[in-house]
Amino acid sequence: MFLGLTGLGFSQENNEEITAVELAAVTVSAPNSDYLANVQDQDTPEVVQQLQNRAALLDVTALLEYDKREKETFETVFKATNGSLIAFYARNGQIVSSMENFKDVVLPLTIRKKVFEVNSGWKISRNKYLSTYQDDRLIKKLYKIHLVQGAHTKTLIINLMEEE
C-alpha cells in the first residue's frame, strides 16, 4: 500500500495596491410584487397564495402565445384541484386584474376562530373563497361558509373587505 502526502499551498505577495470597490445597492423583487402585497395576508388560504405567487412570477412577455400588439390584456388561467385564478396581464407584463374562485379550502386559523366563536357546536360542511383584484387594489375578498348542526344548516358570509 502506498500513501502519499502532498502539501498544496500558494505564496502570498505583499500587495499594497489593493483598493476597495463599492457596489451600488440593488433591490430584487418579483415583477408583480405590488399585486402580491395587495392580495395576500393572513386570511388568504395557502393554496390560493401558491397560485398567486405563480401568477406574480410568470413572465408573460416570454411566452410564445404572447403578442403585445394583439390585445390590451393577456389572460392566463392557473388551476388547482379545488379552484382557479384567472390573471389578466397588461402589455408590460404587470397584472391588472385577477379573479379567484376556490371550493373547500383549508380555512386559515383566523377565519376558523371567527366562525367557531359565534357558532359553537356547529360544523363546517363546505366553503368557498372568492376574490377580485382590479385597478391596483383588492375589491372583493370573501368566504361563504356552510355550517351544519344536526338537521339545521346555515350559511355565513365573511366579507374581509368590510373589516378593513
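## Nonpolar core

The largest nonpolar core of this predicted model holds 28 residues, and those with the most contacts inside it are Tyr35, Tyr89, Ile111, Tyr143 and Ile145. A nonpolar core here is a set of buried Ala, Val, Leu, Ile, Met, Phe, Trp, Tyr and Cys residues joined through side-chain atoms within 4.5 Å. Buried means under 20% relative accessible area, exposed over 50%, and partly exposed in between, with a 1.4 Å probe and protein chains only. Eight elements each supply at least two residues of this core: α1 (33–39), α2 (46–57), β1 (74–80), β2 (83–89), β3 (95–103), α3 (109–118), β4 and β5. Helices (H or I, at least four residues) and strands (E, at least two) are DSSP runs, numbered from the N terminus.

Take Ile145. Leaving aside neighbours within four places in sequence, isoleucine 145 is in contact (heavy atoms within 4.5 Å) with Leu107, Ile111, Val115, Ile124, Arg126, Asn127, Lys154, Thr155, Leu156 and Ile158.

## Basis of the model

Residues are numbered from 1 along each chain as its sequence is written, and side-chain values use heavy atoms, with hydrogens and water left out. Because the model is predicted, local features need pLDDT of at least 70 and side-chain atom pairs count only at pLDDT 80 or more, while totals for chains, interfaces and linings use all residues.

## The sheet

Six strands form an open sheet, ordered β1-β2-β3-β4-β5-β6, with antiparallel pairing. Two strands pair if DSSP finds at least two bridges between them. β1 and β6 (152–159) stand at the edges with a single partner strand each, so one side of each has no neighbour in the sheet. On average, neighbouring strands are turned by 10 degrees against each other, direction ignored.

β1 and β2 are antiparallel and joined by seven bridges. A hairpin of two residues links them. Valine 77 stands opposite isoleucine 86 in β2. β5 and β6 pair over eight bridges, also antiparallel. Lysine 144 has isoleucine 157 of β6 as its bridge partner.

## Helix α3 on the sheet

α3 lies across β4, β5 and β6, and runs at about 45 degrees to β5. Axes are lines fitted to C-alpha atoms, for helices over the stretch in contact; angles run from 0 to 180 degrees between N-to-C directions.

Most residues other than glycine have a negative phi. Aspartate 135 has a positive phi of about 55 degrees. Aspartate 136 has one of about 65 degrees. Aspartate 135 is exposed at 59% relative accessible area, and aspartate 136 is exposed at 58%.
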